Amino acid sequence: MDGINYVYFFMFFMGIFLVNLFIILHKKNQYRLFDSPKVTKIYSVSFLVPAYNEEGNLENTVKAIIDIDYPENKKEIIIINDGSKDSTLKIAKKLEKKHSNIIVLDKKNSGKADSLNKGIEIAKGELLAVVDADSYPKRDALMKMIGHFDDNKTGAVTSRVLVKNKTNLLCRYQILDYSIIAWTRKLLDFVDSVYVTNGPLSVYRTDYVRKIGGFDPKNVTEDIEITWHLLSKGYQTRMSYSAIVHTNVPTSLKEWIKQRVRWNLGGIQTLVKYWRDMFKKRAFGFFVVPYVALSFILAVLGFILLLRYLWIKGASKVYSLFFVQNGFKYLKYINLDISFTVLLFFGITFFILAIVHYKMGFKSSEAGNKSILNILSYTLIYRPLYIIPLLLSFYKMLTGDIRWYTK
Amino acid sequence: MVHQIEKRKFLVFLESFTLTVLIFLLGIFLGLFFEMYRVQSISDNYANYEIQSLDLKLQNYYYQIMDKNSCESAIEQNFIFADDLYKDGLRIEKYEEAEQLTKNIITEKKRYVLLKTELWLNSIILKEKCGNPFNTVVYFYSNNPDLTTDAQQDIISNILGEVKKNAGDKVVLLPIAGDIGLGIVDLQVRNYDINSFPAVLINENEVLYGVHDADEISGYLN
């Protein structure tokens, strides 16, 4: 057996293991997905809304926060204007005048993490609720989340993000994508492995965040970094599947790539920062760190192996054309007479399990019961696009080109 | 109690791992089963061909000793055998393309290469005996080609297939892996001064390297 086959075996083994893990987790916990702990204490909450050039969204976001079902005397809203060039500050000031529990901070542009840290300095709440300025929490979202904080170990609780703008095909694919992201994150909650507390709506225990020094301004995805930081210190992170926040997603491929490059870069940065915790600290060290590292490795490895396969199968055929003028006449074209091979078996098994996995994920979310065609289209058209931002991220990481993200 | 709950929560990793190992064992079992089946079917055919080959060899002895007028029948038998062997050779090539867990197919391939070499030698004797009524086209190819060679071989094997199709029972086509590590093949390669693969040897006389189209190759035939 060729050495390369061991690489294929490793890739399929890990891929099948992870898909099996999610399927089993779902089977065991499908009736508990939407559960949230009973609320026994109403904590005081400081909403932090960092805003950079958000004149089109800020007012509606703040309105959604005001409308959240929570006692007025227990919530304050801190809007941090991050040196916006549009009328964001003007809108924020207008809102501050109108509502007594709104505070506006104005600062030079220094990035989201630094803006949040400025907010944390003046926050009075026991909990911090971070809300992106283009996101809209549902009225009952906070009440579905705060019960988790009755457990002293809980450092953060995140929510389920749904797509607000459903304008084109890319947005519709992202509805499916966000469904899978939220569903898998909830499943990971059952094994203490929520490794991202998303930007649109996540709640943190103020004391713990202050203790670890707040958000890391050097990281392009401060939400991933702070989650790993909390986990590495032994705190728990949770996800409330029934707490919903709507957000605007990229509407063009260019914007989508830019967003995903940022996610990947942040993921790699965080991985580099915490890789020493691998196999050291319970679920974090034994699962989260290896899982995220593996996700990157499998994606890149899978792409390289696919290219290798296409090269071996196709390159010599194309190259043949150069040898004879009427080369096409002598080409064998694609041979559909496929022999049974072990790798073919693993490939088909992995593909079928992935389809079952997606089907379960969609069914348990807003995407609903999708047809096999929809799932195939998501799997074969949208998912392969992931490789573009991933490769760009590696390129940017290697060349040190991450300035334009950190502002 | 808390410790028990914690332990149960993480059992899912063990369950998933076990399930994955089972899937892998099933895959490897099926892989070995199909591979054994293929090797067995090649091996069964080989046993028949071995008998056919011996039969042909004996017929050759017989015609040399006894009767020159029986050439037609001998040639016919030779062609039937050559065609069967050619078709089975293509099947082995296909199996060889699939990744293998064992080296059994290569061993079977070597036995086939020996059989083809024997058929070639038989054909040479038959040609001498019967006044060169047909052509032998021996295609020496590399069993471990690089990209360029693989591309060339892909074309040449198709061109030779066309030559054979056009010429019918005027050509015995014998594709032989020239670098498979067999003494008799190495001997022939040296004997005919073949210094690279792929090479096409026509009637033990003309050696063509690289790609030549079907008409050109046909021009070298008797």
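The largest nonpolar core in this predicted model has 91 residues, and those with the most contacts inside it are A:F47, A:L48, A:V49, A:I79, A:L128, A:A129 and A:V203. A nonpolar core here is a set of buried Ala, Val, Leu, Ile, Met, Phe, Trp, Tyr and Cys residues joined through C-beta atoms within 7 Å; buried means 20 or more other C-beta atoms within 10 Å of a residue's own, exposed means 12 or fewer, and partly exposed is in between, with C-beta atoms placed from the backbone. Helix α1 (residues 3–29) of chain A brings the largest share of this core, nine residues. Domain 1 (3–27 + 288–406) and domain 2 (42–272) of chain A each put in at least three residues. Another core, of 38 residues, lies apart from it, with B:A82, B:L85, B:V137 and B:V138 among them.

As for A:F47, leaving out neighbours within four places in sequence, its contacts are A:I65, A:K75, A:E76, A:I77, A:I78, A:A129 and A:V131 (contact: C-beta atoms, placed from the backbone, within 7 Å).

Now for the domains, whose bounds come from an automatic or database domain assignment. The centres of domain 1 and domain 2 of chain A, taken over C-alpha atoms, sit 32 Å apart. Their contact takes 26 residues from domain 1 of chain A and 26 residues from domain 2 of chain A. On the domain 1 side, α13(A) gives the largest share, seven residues. That side splits into 18 nonpolar, six polar and two charged residues, with Ala, Val, Leu, Ile, Met, Phe, Trp, Tyr, Cys and Pro counted as nonpolar, Asp, Glu, Lys and Arg as charged, and the others, Gly among them, as polar.

Over in chain B, an open sheet of four strands runs in the order β2-β1-β3-β4, with mixed pairing. Strands (E, at least two residues) and helices (H or I, at least four) are DSSP runs numbered from the N terminus, and two strands pair if DSSP finds at least two bridges between them. Because β2 (171–177) and β4 (206–209) of chain B are at the edges with a single partner strand each, one side of each has no neighbour in the sheet. Strand β3 (residues 199–202) of chain B is joined to β4(B) by four bridges, and the two run antiparallel; B:V200 stands opposite B:L208 in β4(B).

A word on bookkeeping: residues are numbered from 1 along each chain as its sequence is written, and chains are lettered from A and ligands numbered from 1 in the order in which they are written. Local features need pLDDT of at least 70 and side-chain atom pairs count only at pLDDT 80 or more, while totals for chains, interfaces and linings use all residues.

Technical notes
Contact = placed C-beta atoms within 7 Å.
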